[in-house]
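Subject: Structure for your review

Hello,

Please find the structure below, with the sequence alongside. My notes on it come after.

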Amino acid sequence: MSTENSSTQNTASTKKLGVLALAGLVISAMIGGGIFNLPQNMAQSASAGAVGIAWIITGIGMYFLTNTFRVLSTVVPDAKSGIYSYARLGFGKFVGFLMAWGYWLSAVFANVGYAILLMDSLNYFFPPHFKGGNNLPSVIGGSILIWAMYFMIMAGVRQAASINMIGTIAKLVPIALFILVSIFVFKFSMFHTNFWGDETIKSLHDVDLGNLGGQIKSTMLVTLWSFIGIEGAVVISDRAESQAAVSKATLIGFLLCLLSYMAISMLPFGNLSQGELSVLAPPSTAPILADVVGKWGSWFMNIGVIIALLSSWLVWTVLLAELPYACAKDGTFPKVFAKVNKNGTPSFSLLVSSIAMQVTMIFVYFASNAWNVMLSITGVMILPAYIASTLYLWKIAATGQFPKNTTIKEKTALITGVLGSIYGAWLIYAAGLKYLVMASILFAIGILVFDKARKENKAANESTFTHAEKILAIGLTIIAIIALFLLITKRVSL
């Protein structure tokens, strides 16, 4: 293992990722296997009209979140691994740690979610050995892939990014085919039928879905999951050619993914009813395409899912390793996380991350709805980091700390920060109580890691926690204890 001095040299030597490579990382981080099941996920509790409004809300909200990362990467270029460092700069070391901890755990859960989907997709070709994605063969297969990714990334982040570019291109092909075929068979008469989901049509398996607001709210965690990874270029900005490349890559990734998501979730309503879409087996794009072109369409889409999952899994494993490494370099995580190997890969951070994924993979064996739990808890764990970034932009724009020597207007930055924060608050509301309960417990566990890191790095006469941080830590611990009680007594269940 190398020391921290050598890690700095290694980082400098691998800081070569340009706009295309970074955009590939962003797109791959966002477009995982979930996109292939969007038709069913979105139609499960929402009509075509509600889905359309949900994407408009999400598109606007995510634009301000995306723009937050773009603006901050420009005006605070020295803040590497921004999703963590923005919170630290704005609200102190402990808050910064909590955001990094939550983000890291969300990436762990996201990767395990990918493992579940991947094994379930393999079940199409090898039934019934991987049914559900969390039976014993699935856990074994997922575990093998976790460690295969570990050794691949140990060979170097640059090499992993190159492999990811190939995977990104390969998984966009079935998505493009699905969109083209869906446009070809689209019927406006079907699309307009029960557009607001307020009718019961037995012949189409449609039922009254209730009020429009409830329908829209039901899609929010799905749309959030779809955009998790938008910050991918920012997280790995320490290895980028420039902050301008980070900004461009983030915008490219956002626009391409938004258009793809809207097309894949909306166009099928022009061929099948909401009721028919809501009961399709995952990945729902497979039976939709097979219905038009024949059985080979199902094969094609399932292969696309596998490629997409492997590519996204690779990217998220890179991000998993990078964040604790960046935190360790400035004393927020224990020093051991700053160790790198001869290829510049954060070796200890990657090892701990892989172990965390392995432990979670074992636990999903006992879950009856493993995919839904992974999707939801991933979104809830990452939300605080997103909101902390928008609040930081809001803070520097509102308090006169915004740099004057930039082409970005202070008023534009303020509007971006405010509206991004409001969108984040809406997502927390949409997430619901049960996943917030789980999140509070996981955040409280992180206090022990922060305590160790601070004791390693603080001055002799410096307290581990400031007064405000002590209050926050005690409050979080109390909430976690109450949450644990609610789970044990089954007042709240996952």
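This is a predicted model: local features need pLDDT of at least 70, side-chain atom pairs count only at pLDDT 80 or more; totals for chains, interfaces and linings use all residues.

Overall fold

The protein chain contains 21 helices and zero strands. Its radius of gyration is 22 Å, which agrees with the value near 23 Å that a compact globule of 494 residues would have. Along the principal axes, the C-alpha atoms fill a box of roughly 75 × 55 × 45 Å. Of the contacts with a separation of 6 or more, 81% are between residues 24 or more positions apart. Buried residues account for 59% of the 494 residues.

In soluble globular proteins, nonpolar side chains tend to be buried together. Here the largest nonpolar core holds 155 residues, and the ones with the most contacts inside it are Tyr-261, Trp-316, Tyr-386 and Phe-402. Helix α6, residues 93-125, gives this core its largest share, 21 residues.

What does Trp-316 touch, leaving aside residues up to four places away in sequence? Its partners are Ala-29, Tyr-103, Ala-107, Asn-111, Tyr-114, Ile-228, Gly-229, Glu-231 and Ile-382.

Aromatic pairs

Searching the whole structure gives 29 aromatic pairs. In one of them, Tyr-124 and Phe-125, the ring centres are 5.2 Å apart and the planes stand at 90 degrees, so this pair is edge-to-face. Both residues count as partly exposed, because Tyr-124 has 31% relative accessibility and Phe-125 has 22%. Another pair is Phe-186 with Phe-191: the ring centres are 5.2 Å apart and the planes are at 50 degrees, so the pair is tilted. Phe-191 has 14% relative accessibility and therefore counts as buried.

One aromatic cluster is formed by Phe-94, Phe-97, Trp-101, Trp-104, Phe-333, Phe-337, Phe-348, Phe-450 and Phe-465. Apart from ring pairs, there is a charge over a ring to look at: the charged end of Lys-217 sits over the ring of Tyr-429, at 4.2 Å from the ring centre.

Backbone details

Which residues does a cis peptide bond join? They are Pro-127 and Pro-128, with omega at about -5 degrees. Pro-128 is in the loop between α6 and α7, the latter being residues 136-154.

Two residues in another loop have positive phi without being glycine. Asn-194 has phi near 50 degrees, and His-205 has phi near 65 degrees. Asn-194 is located between α9 (188-192) and α10 (212-218), and His-205 is likewise in the loop between α9 and α10.

Is each of these two side by side with solvent or covered, that is, exposed or buried? Asn-194 counts as buried because its relative accessibility is 5%. His-205, at 53% relative accessibility, counts as exposed.

Regards

Key: Residues are numbered from 1 along each chain as its sequence is written. Side-chain values use heavy atoms; hydrogens and water are left out. Rings of Phe, Tyr and Trp (its six-membered ring) pair if their centres lie within 6.5 Å; planes under 30 degrees apart count as stacked, over 60 as edge-to-face and the rest as tilted. Buried means under 20% relative accessible area, exposed over 50%, partly exposed in between (1.4 Å probe, protein chains only). A charge sits over a ring if NZ of Lys or CZ of Arg is within 6 Å of the ring centre and within 35 degrees of the ring normal. Helices (H or I, at least four residues) and strands (E, at least two) are DSSP runs, numbered from the N terminus. The radius of gyration is taken over C-alpha atoms; the globule rule is 2.2 Å times the number of residues to the power 0.38. Contact means heavy atoms within 4.5 Å. A nonpolar core is a set of buried Ala, Val, Leu, Ile, Met, Phe, Trp, Tyr and Cys residues joined through side-chain atoms within 4.5 Å.
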